[in-house]
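Subject: Structure handover

Hello,

Here is the structure we spoke about. Please open it and keep it beside you while you read.

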Amino acid sequence: MKDFLVIGNITNDLIPTPHLGGGVSYSGFAIKKLGGTVSMITVANSEHKYIRTLLEMGINVETVPPENESYRDKVTTMVLNYNSIGQRTINVEEIQGKVYIKPSSIELGSSILVAPIINEFDYAFVEALKSRGKLFITMQGFFRYVKDGKIINHRPDDEKGFLKMVSLANLVIFSEEDMIFNEKVDHEYIKEIKRVSNISILTRGEKGIIIFQQGKLPIEISAFRLNTSEIKDFTGAGDCCAASFIWYFSKYKDLKTAGVFACLYSALKIAGLGGGETGLETIPSIEQVRTFIHDNKNRYDIFLQKNGVNLNI
């Protein structure tokens, strides 16, 4: 299995205390904790403390200089607040610039995960990445815009360009929450994404996920249920779901079992199985997943039976 390359901007998440975040960080570290080899491309000063943190985690980082020199020492800075079921509001204090490198500099045959935080990619750049390997996209950042310091979601300004990019990806992942435009889920746009994509994964929180593939029936996967007392940190759960799906699918080539594993893994991240209370420290290793399964065999078996599969873990 080829190495993974994750591309996107890291963030400085301010709650409960400032810490490294962003979809690119959560997904990259999740793949690393599952045993993958991970490289990252992000816009930042190479001496920033969060870049040093990523390097210490074993992620190879290539930093792209910011377009604006005044942003040399900054990263996208956010305040995330959650309700009891994981729905969130996001305030933004700083936004880093566009991500761009020469696609030809990326090793042929790479598994590339594009993970935008707030519209830091031009569609043409993402399309060009397809020539370098398998292209996976977590799409939430393409729907995000900032108004009066707050994240709002709406359809991409260039819908035609966006859908063309989606059609070129091997697999795209998005959530029902991503598709809430004007306070309601845009089911018509979900249909458009399903229509043009090769494989699309719709994540639905505690309702599980649905996998759509051209010419085939949808695959519905039930979530792994947590007790209220087990819930520690929702942040990054969607990114870990996407990353674990891509890791498992790349390894075993089966969509349904990849979906089941992703539901399990993201739940265990929310439960803080990695050992921390918040942030990247809550992401579990593959060894911690195996230990959890051993210690919770009956619960795990019921989950597998409900979904009608067995997993290779």
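Below is what was found in it, taken part by part. One caution before you start: this is a predicted model.

Start with β15, residues 199-203. Five of its five residues are buried, so the strand is largely enclosed by the rest of the structure. Both of its faces are covered. I199, I201 and T203 are buried on one side. S200 and L202 are buried on the other.

β15 pairs with β12, which spans residues 171-175. The two run parallel and are joined by four bridges. Look for I173: its bridge partner in β15 is I201.

β15 also pairs with β16, residues 209-213. Here the strands run antiparallel, with five bridges between them. I199 stands opposite Q213 of β16. Together β15 and β16 make a hairpin, with five residues between the strands.

Is K216 buried or exposed? Its relative accessibility is 55%, so K216 counts as exposed; the cut-off for exposed is over 50%. K216 lies 167 residues from K49 in sequence. In space, the two are 46 Å apart, C-alpha to C-alpha.

**Strands β8 and β9**

Now go to β9, residues 133-138. Five of its six residues are buried, so β9 too is largely enclosed by the rest of the structure. Its partner β8 covers residues 110-114. They pair in the parallel sense over five bridges. I112 has L135 of β9 as its bridge partner.

S110 is also worth a look; it belongs to β8. At 8% relative accessibility, S110 is counted as buried, since buried means under 20%. What does S110 touch, leaving out residues up to four places away in sequence? The contacts are D3, R132, G133 and K134.

**Helix α9**

Next is α9, residues 297-307. Its buried residues are Y300, F303, L304 and N307. Seen down the helix axis, they fall within an arc of 95 degrees, so they line one face of α9. What do these buried residues pack against? They meet β17 (219-221), α7 (255-270) and α8 (286-295).

The face of α9 turned away from the buried side carries the exposed residues N298, Q305 and K306. G308 follows the helix, and its phi is positive, near 70 degrees.

Over to you.

Note on methods. Residues numbered from 1 in each chain as written. Predicted model: local features only at pLDDT ≥ 70, side-chain atom pairs only at ≥ 80, totals over all residues. Heavy atoms only, no water. Buried < 20%, exposed > 50% of the residue type's maximum accessible area, 1.4 Å probe, protein only. Arc of directions from axis to C-beta. Contact = heavy atoms within 4.5 Å. Pairing = 2+ DSSP bridges.
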